[in-house]
Amino acid sequence: MRTLHNPRVTILSRAGLILAATVLAAACAPADAPTAGAPSATASAAAAADCPEGALPTLTAGTLTIGTDQPVYQPWYVDDKPENGQGFESAVAYAVADQLGYPKDKVAWTRVPFNAAIQPGPKPFDLNLTEFSITDERKQAVDFSAPYYDVKQAVVALSDNPFAGSTTIAGLAGARLGAQVGTTSYDAINAVIKPTTPAAVFNTNDDAKLALSNGQVDAIVVDLPTAFFITSAELQNSKIVGQLPAGTGTPEQFGAVLDKGSPLTSCVSQAVDALRSAGTLTALEKQWLTAAGSAPELT
């Protein structure tokens with residue numbers, strides 16, 4: 001717009017122009033515009049409408065069914081009883097359920113083997129928390145919620161094993177290593193350590209621990225919290241050799257698994273994000289997962 005230079009334009013007419021512009025701007029501006037980064041009232045209302053508390057399209061009306069493996073272990077679950085609310089993932093599951101409008105008495109648990117839970121096809125649960133790492137390959141078969149935990153992998157060995165004193169990744173190249181099949185722990189062996197001997201594959205972490213105890217492998221790779229539990233409560237003569245570096249890009253993260261195309265995925269993600277923003281996830285990590293002070297990072 002060009003500037004008016006006509007001296008005959010009166011103060012009154014200028015005021016009229018300003019008033020008209022103000023009215024026009026007010027008419028065009030959204031009511032109660034949100035602060036940058038905050039959802040608008042309309043967006044919040046839409047989210048609430050899409051995720052009605054306690055009335056989501058769950059497998060069983062009025063009940064949120066949560067799946068996990070059997071058995072499950074500390075620090076994720078305690079005493080193999082996911083329903084007791086103890087352990088990091090049990091606590092997170094109930095916190096998510098509460099965010100969605102399902103109190104503890106409206107939550108049901110079901111057991112599904114780890115590998116079966118991430119295969120294509122209908123699921124007997126609404127969501128599943130069993131330390132599932134979010135990967136592009138798995139996303140082809142299932143949905144994931146927003147991540148609720150960032151994790152590293154750790155190497156565990158018996159204290160008297162020659163590789164127990166390794167301080168570098170290169171120092172583990174000659175070790176006989178093992179991990180549970182289908183896990184990112186197994187992937188980390190091949191991608192990060194790259195041992196000269198092919199890694200041993202086990203159906204469960206229990207099988208891997210037994211092989212470690214029997215001397216069939218020099219070390220096993222598991223997620224860091226599990227490594228702390230193994231060395232503190234399960235294998236007396238064991239130690240954490242160290243953490244594997246996170247590497248570049250997005251860190252490994254755990255997410256809840258849902259059926260592919262589940263109508264609940266967005267709602268569960270919103271609940272997880274709300275718990276993260278409120279500091280709840282951090283508090284639960286501190287409560288149930290041991291800090292990594294005694295697990296040096298391998299270089």
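I began with Lys 209, which is buried at a relative accessible area of 9% (buried means under 20%, exposed over 50%, partly exposed in between; 1.4 Å probe, protein chains only). I note that the model is predicted: local features need pLDDT of at least 70, side-chain atom pairs count only at pLDDT 80 or more, and totals for chains, interfaces and linings use all residues. Residues are numbered from 1 along each chain as its sequence is written, and side-chain values use heavy atoms, with hydrogens and water left out.

I then looked up the partner of Lys 209: its side chain meets that of Glu 234 in a salt bridge, 2.7 Å from N to O (a side-chain nitrogen of Lys or Arg within 4 Å of a carboxyl oxygen of Asp or Glu). Lys 209 lies in helix α7 and Glu 234 in helix α8, so the pair ties together parts that are 25 residues apart in sequence (helices are DSSP runs of H or I, at least four residues, and strands of E, at least two, numbered from the N terminus). Glu 234 is partly exposed, at 30%. I found Asp 206 joined to Lys 209 and Glu 234 in a network of salt bridges.

I next followed helix α8 (residues 224–234) to the strands β6, β9 and β10, across which the helix lies. These strands belong to an open, mixed sheet of five, ordered β8-β7-β9-β6-β10 (two strands pair if DSSP finds at least two bridges between them). β8 and β10 stand at the edges with a single partner strand each, so one side of each is left without a neighbour in the sheet.

Key. Contact = heavy atoms within 4.5 Å. Axes fitted to C-alpha atoms, helices over the stretch in contact; angles between N-to-C directions.
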